[in-house]
Amino acid sequence: MKTIYLDGCATTRVDDEVLEAMLPYLREEYGNPSSPHVLGKRARRAVDAAAESVARLIGADPGEIVFTSGATESNNIALLGVFAHGDAAPVGGVFCPTDHKSSLAVGQALAARGVRTRTMRVRPDGRVDLGHLAGLLDLDTRVATAAWVNSEIGAVQPVRAMAALCHEAGALLHVDGAQAVGRVPVDVRDAGPDTLSLSAHKIRGPKGVGALYVRPEIRHRLRPIMYGGGQHALRSGTVPTHLVVGLGRACELAAGRRDAEWRRALGLRAAALDVLTAGFPGVRVNGDPDVSVPHVLNVVLPGVRGESLVSGLRSVALSTGSACNSGSQEPSYVLTAIGLTAEDANSSVRLCLDPRMPFADLVSGVAAVMERARALAGVALPAGVGPAGVGPAGVGPVGVEEVTPR
């Protein structure tokens with residue numbers, strides 16, 4: 001049975017071209033890039049080339065890229081690295097309540113050590129309340145952090161404005177770019193974050209590798225959180241050449257496809273909403289599509305428990321939210337932070353649309369979701385909807401508006 005995948009925010013399939021680029025570095029070119037011999041030098045050249053590809057995608061220089069195991073490690077380096085073990089209040093940081101747990105958990109750990117942590121407010125559309133953030137920043141604030149694109153509702157944060165506020169107060173801005181890089185234009189020079197994290201597996205690269213961009217002017221303010229061979233001042237350890245090469249190739253491909261995939265995702269989202277609204281009464285979109293990426297669609301299905309819906313599907317893979325929250329019995333902290341009740345948050349599901357997916361797969365997948373949701377809620381098939389529950393007769397591929405990605 002074919003599985004229709006609607007969970008690309010959690011991870012993506014490795015692109016065939018990425019896999020082909022990686023294979024030689026698992027077979028013939030297996031040298032340690034820190035070794036001085038010929039195999040090591042060839043591996044080092046491959047790592048340097050990958051750094052150039054990553055840097056090019058985000059508007060940075062190759063020397064500003066630190067390879068890590070993924071965005072979680074990068075977030076930890078950026079946020080823990082600005083504090084010494086003896087630091088305590090009034091020294092502190094400011095955190096966004098809708099961020100990934102790899103950032104929020106760092107805030108909890110810092111608070112347990114006595115560091116002052118504050119939480120910025122977010123608006124119902126998921127974007128940061130800039131006035132509130134400005135009021136939280138002071139001379140004792142070391143760092144503020146937010147995800148450029150939220151993983152559950154797709155809200156895009158005003159990074160440039162946030163960076164300006166932080167720098168005016170003398171604080172650093174760290175941005176979790178895992179859901180943004182490759183999907184929206186990211187230019188660290190223009191937007192101004194001091195550090196930015198990314199993961200390969202969010203952009204059709206391999207799991208287990210990512211990167212941290214560090215603005216060179218603030219590098220001296222970061223301390224390593226792991227010590228070892230000294231291959232890099234901020235991140236010791238043997239560089240996994242094959243994974244780094246995969247990340248570099250994934251970044252090259254993402255750069256070339258981003259705008260076209262944005263436009264196609266707009267059409268897929270419009271079609272998915274058509275099917276959802278035709279197939280289930282009272283569907284509501286969480287967040288605001290006008291300030292969100294088009295490949296993330298989070299909706300409330302009244303009367304349906306999202307976990308029951310997701311676990312009961314056999315041919316469709318989707319989720320109720322971030323993979324880091326899976327298994328939790330609590331409602332999504334992202335959805336409650338933007339004002340949803342616990343009931344509505346528990347009745348929500350997230351569809352992450354792959355711009356490359358066939359239109360027929362989208363319709364079939366959403367139809368299966370609707371069928372399961374109607375069964376759980378005891379909702380009859382609406383009048384005028386076809387027997388498969390895919391929406392009114394004539395629903396087909398939707399034309400996409402030519403827009404510039406945010």
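**Terms against values**

Trainee: Which strands does helix H4 (residues 101-112) lie across, and at what angle does it run to E3?

Mentor: H4 lies across strand E3 (92-95), E4, strand E5 (141-147) and E6, and runs at about 150° to E3. Angles run from 0 to 180 degrees between N-to-C directions; the axes are lines fitted to C-alpha atoms, for helices over the stretch in contact. Helix H6 (residues 159-169) lies across E5 and E6, at about 155° to E6. Before we go on: this is a predicted model, where local features need pLDDT of at least 70 and side-chain atom pairs count only at pLDDT 80 or more, while totals for chains, interfaces and linings use all residues. Numbering starts from 1 along each chain as its sequence is written, and side-chain values use heavy atoms, with hydrogens and water left out.

Trainee: What makes a run a helix or a strand?

Mentor: Both are DSSP runs, numbered from the N terminus: helices are H or I, at least four residues, and strands are E, at least two.

Trainee: In what order do the seven strands form the open sheet?

Mentor: The order is E2-E8-E7-E6-E5-E3-E4, with mixed pairing. Strand E2 (65-68) and strand E4 (116-119) are the edges, since each pairs on one side only. From one strand to the next, the twist averages 20°.

Trainee: How do you know that strand E6 (residues 172-176) and strand E7 (residues 195-199) pair?

Mentor: Pairing takes at least two bridges found by DSSP. E6 and E7 have three bridges, in the parallel sense. Val 175 stands opposite Leu 196 in E7.

Trainee: Why is the link between Cys 9 and Cys 352 called a disulfide?

Mentor: The cut-off is a pair of cysteine sulfur atoms within 2.5 Å. The sulfur atoms of Cys 9 and Cys 352 are 2.3 Å apart, and they form a disulfide. The structure holds one disulfide. Cys 9 lies in the loop between strand E1 (4-5) and helix H1 (16-22), Cys 352 in strand E12 (residues 348-352), so the pair ties together parts 343 residues apart in sequence.

Trainee: Why is that disulfide called left-handed?

Mentor: The torsion about its S-S bond is about -105°, so the disulfide is left-handed.

Trainee: Why is Cys 96 too far from Cys 166 for a bond?

Mentor: The sulfur of Cys 166 is the closest cysteine sulfur, and it is 12 Å away, so a bond is ruled out. Cys 251 is in no disulfide either; its nearest cysteine sulfur, that of Cys 9, is 17 Å away.

Trainee: What makes Ser 319 count as buried?

Mentor: Buried means under 20% relative accessible area (exposed is over 50%, partly exposed in between; 1.4 Å probe, protein chains only). Ser 319 is at 11%, so it counts as buried. Cys 96 is buried too, at 1%.

Trainee: Why is the link between the side chains of Ser 319 and Asp 7 called a polar contact?

Mentor: A polar contact needs N or O atoms within 3.5 Å; within protein, one must be able to donate a hydrogen and the other to accept it, and residues adjacent in sequence count only if both atoms are side-chain atoms. Ser 319 and Asp 7 are joined at 3.2 Å. Leaving aside neighbours within four places in sequence, Ser 319 is in contact (heavy atoms within 4.5 Å) with Asp 7, Val 310, Val 349 and Arg 350.

Trainee: How do you know that the span of helix H12 (residues 359-377) agrees with expectation?

Mentor: The expected span is 1.5 Å times one less than the number of residues. For the 19 residues of H12 that gives 27 Å, and the end C-alpha atoms are 27 Å apart, so the two agree.
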